Amino acid sequence: MQFLVYVLTAALVIVTGWAAALLYILLKKSLPFENRLKALLHATSELSIIATDLKGTITFFNSGAEYLLGYKAEEVIAKETPFIFHDPVEVIKRSKELTAELGKMVEGFDVFVESSKKGKAEKKEWTYIRKNGSHFPVTLIVTPIRNVRREITGHLGIAFDISKEKRLEQGLKNSTENYKLLLDYSPNMVIVHQDKRIVYLNNAAHGMLDLEEGIDVVASSIDEFIHPQYKEEILAAKGQSAYMEMVMVSRKGRNMDMELHHITVSYHDKPAKMIIAKDITANKQTMEMNKRLISILEETEDLIVITDVDGKMIYLNHSMKVMMGYDEEQDWVQISVTDLYPQWEGKLIRHEAFYIASKQGCWKGGTAFKLRNGKSLSVFQTILAHKDTSGHVQFYSLVAKDLSVIRMEEEARLSKVIIQKTLEAQEKERTALAQELHDGVGQSLYYVSISLHTLSGTIADEHYMKLIQSMLEQLDHAIKEIRTYSLRLRPQLLDHLGLSATIKSLVHSYQIAYPQISITFNNQPVVKGNDSNIDIHLYRIVQEGLNNAIKHAEASEIEVTLIREESDIQLRIRDNGKGIHKEQIGAGMGLRHMEERVNTLGGHFHVNTSQNRGTELVADVPIHPNSLDIRIEERRMSNDE
């Protein structure tokens with residue numbers, strides 16, 4: 001009998017959630033066995049618990065069974081079988097089902113205990129008949145009763161009245177129209193289909209699928225609106241309910257990312273599938289954008305922290321984790337942001353900086369981080385408060401930069417300005433000197449030349465004539481030299497015809513001077529109308545590049561290419577010379593000067609070379625470089641002067 005208590009209690013665990021707690025109470029050794037059994041029976045007064053022997057004779061009939069069926073225990077125990085309160089029609093129907101299923105005759109008491117005889121529990125709905133003849137539906141669980149040797153000695157039936165559930169189910173059937181009204185105005189797409197043929201669409205489905213008003217798509221195939229990639233997946237969905245994400249296609253061919261529930265329902269008393277779908281396209285795009293932003297945050301050298309509204313850290317980018325010395329996520333997750341700072345400064349940041357950010361949206365200032373190795377790091381920090389549409393703070397972000405890095409960037413910026421100013425001063429001096437040579441010295445020598453030519457016409461002495469002729473030759477050579485130096489200092493073509501024509505003229509002059517070398521110029525397309533500052537720097541780079549290729553590379557072929565794109569100019573100088581050793585790149589003054597010129601223009605300079613395979617110099621210069629910092633610095637320096 002004690003084993004029966006365990007069986008009853010285990011069955012209750014299946015049926016009711018509170019049975020587990022009851023089991024603990026009943027099995028406490030402080031209660032006598034009879035009291036435990038009595039407590040169990042009284043505690044289950046809402047359930048019908050009936051035990052039988054192997055032949056079907058009732059051996060146990062609890063108070064719940066008495067209440068539900070109207071029989072007293074003494075009326076049925078050792079006298080009746082469960083047939084007394086079962087509907088004969090249901091018993092015959094179940095007998096036929098089991099006989100067909102198992103391929104053998106199943107009848108009589110075996111109809112109830114066929115599974116239990118095999119050691120398995122069975123759960124099934126039946127109709128019980130009370131002593132007064134009234135009928136009511138129940139859910140019956142039949143399980144075997146075993147002795148201490150695990151032998152089946154009987155069967156236990158636990159039944160509970162499901163009349164309320166059945167009435168509710170019937171009520172739901174009667175409220176089909178109200179249910180349809182709710183579906184019609186649901187913001188989510190609702191589609192019901194039977195054998196893939198659509199039998200119902202709600203208003204939201206019409207809108208999302210771009211269906212024209214007045215066009216009936218009922219009886220269309222659901223496949224029309226499922227992306228081909230997911231058709232097999234939706235067909236493979238089994239069970240009462242399936243959740244998935246897939247792409248649906250509107251009548252106009254618009255793809256939509258959908259969060260979809262596929263549910264088995266009854267539609268007009270026939271089995272059907274209901275699709276309840278929510279458009280998550282915007283959410284997907286937001287998630288993708290967030291991934292891109294996170295990847296950017298991970299790559300930046302700035303130190304970035306994101307906290308919740310309470311100041312607990314929820315994200316640190318890679319630079320911040322490396323700088324602080326955090327190895328694993330558990331080292332920092334849910335740590336207060338105040339732990340990043342020395343104690344006094346942490347409180348100041350949390351209670352003042354965060355407060356100002358929450359009110360004004362932003363706080364900026366210099367502070368220091370406390371590293372895990374005990375050292376401190378001076379930083380300039382910006383704290384941003386991110387708010388929702390109602391103005392409530394959702395989270396905070398901290399962006400910090402190492403002050404030493406800021407100082408280096410400032411020094412680099414000042415160096416860039418100084419180089420720019422120096423180069424500009426050099427160009428001004430060259431322009432002035434070229435002008436002086438051309439207009440001053442050149443014109444004076446030209447006047448002397450004319451005078452000598454005039455004088456030669458009045459002298460008959462052959463000796464003096466030869467002397468004057470020698471002087472004229474020397475004078476012509478000097479004038480040509482001055483013109484050459486003047487052009488090198490500041491080519492006048494650059495101001496009148498532009499960069500392309502000037503480089504073409506320069507290449508031509510080098511070709512004449514070095515006929516043994518093939519020097520060509522390619523211009524794709526014509527480059528003109530550039531900023532004069534860009535033109536002179538690129539011209540100087542071509543000068544330096546040609547000199548290097550001729551004097552040091554021992555090249556037999558040199559090619560200069562100038563290409564103007566929509567937003568930048570690319571200059572390439574390629575030769576087939578002996579190349580440059582890697583350790584020499586950056587060591588020579590010529591290459592360094594070329595790189596400085598490109599840097600002042602906001603561009604990029606590259607040297608591609610290998611031994612005995614030539615060298616290629618590449619300068620990419622933006623047509624409209626961002627020189628705001630330089631202009632600001634120049635204005636500040638001018639004011640200081």
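**Figure 1. Helix 6 and helix 7 lie oblique to each other in this predicted model.** Helix 6 covers residues 88-102, and helix 7 covers residues 110-117. Their axes come within 10 Å. They cross at roughly 40°. Angles under 35 degrees would count as roughly parallel, and those from 65 to 115 as roughly perpendicular. The pair is therefore classed as oblique.

**Figure 2. Residues from both helices build the contact between helix 6 and helix 7.** Helix 6 supplies V91, R94, S95, L98 and L102. Helix 7 supplies V111, F112 and E114. Five of the contact residues are nonpolar, one is polar and two are charged.

**Figure 3. Helix 6 has a span close to the expected one.** The helix has 15 residues. From its first C-alpha to its last, helix 6 reaches 21 Å. The expected value, at 1.5 Å a residue, is 21 Å.

**Figure 4. The buried residues of helix 6 line one face.** V91, R94, S95 and L98 are buried. Seen down the helix axis, the buried residues fall within an arc of 110°, so they share one face of helix 6. An α-helix has 3.6 residues a turn, so residues three or four places apart point the same way. The buried residues of helix 6 pack against helix 7 and against strand 3 (122-129).

**Figure 5. Exposed residues sit on the face of helix 6 turned away from its buried side.** These are V89, I92, K93, K96 and A100.

Figure 6. The chain has 21 helices and 20 strands.

How values were computed. Residues are numbered from 1 along each chain as its sequence is written. This is a predicted model: local features need pLDDT of at least 70, side-chain atom pairs count only at pLDDT 80 or more; totals for chains, interfaces and linings use all residues. Side-chain values use heavy atoms; hydrogens and water are left out. Axes are lines fitted to C-alpha atoms, for helices over the stretch in contact, and angles run from 0 to 180 degrees between N-to-C directions. Helices (H or I, at least four residues) and strands (E, at least two) are DSSP runs, numbered from the N terminus. Angles under 35 degrees count as roughly parallel, over 145 as roughly antiparallel, 65 to 115 as roughly perpendicular and the rest as oblique. Contact means heavy atoms within 4.5 Å. Ala, Val, Leu, Ile, Met, Phe, Trp, Tyr, Cys and Pro count as nonpolar, Asp, Glu, Lys and Arg as charged, and the others, Gly among them, as polar. The expected span of a helix is 1.5 Å times one less than its number of residues. Buried means under 20% relative accessible area, exposed over 50%, partly exposed in between (1.4 Å probe, protein chains only). The arc is that of the directions from the helix axis to the C-beta atoms.
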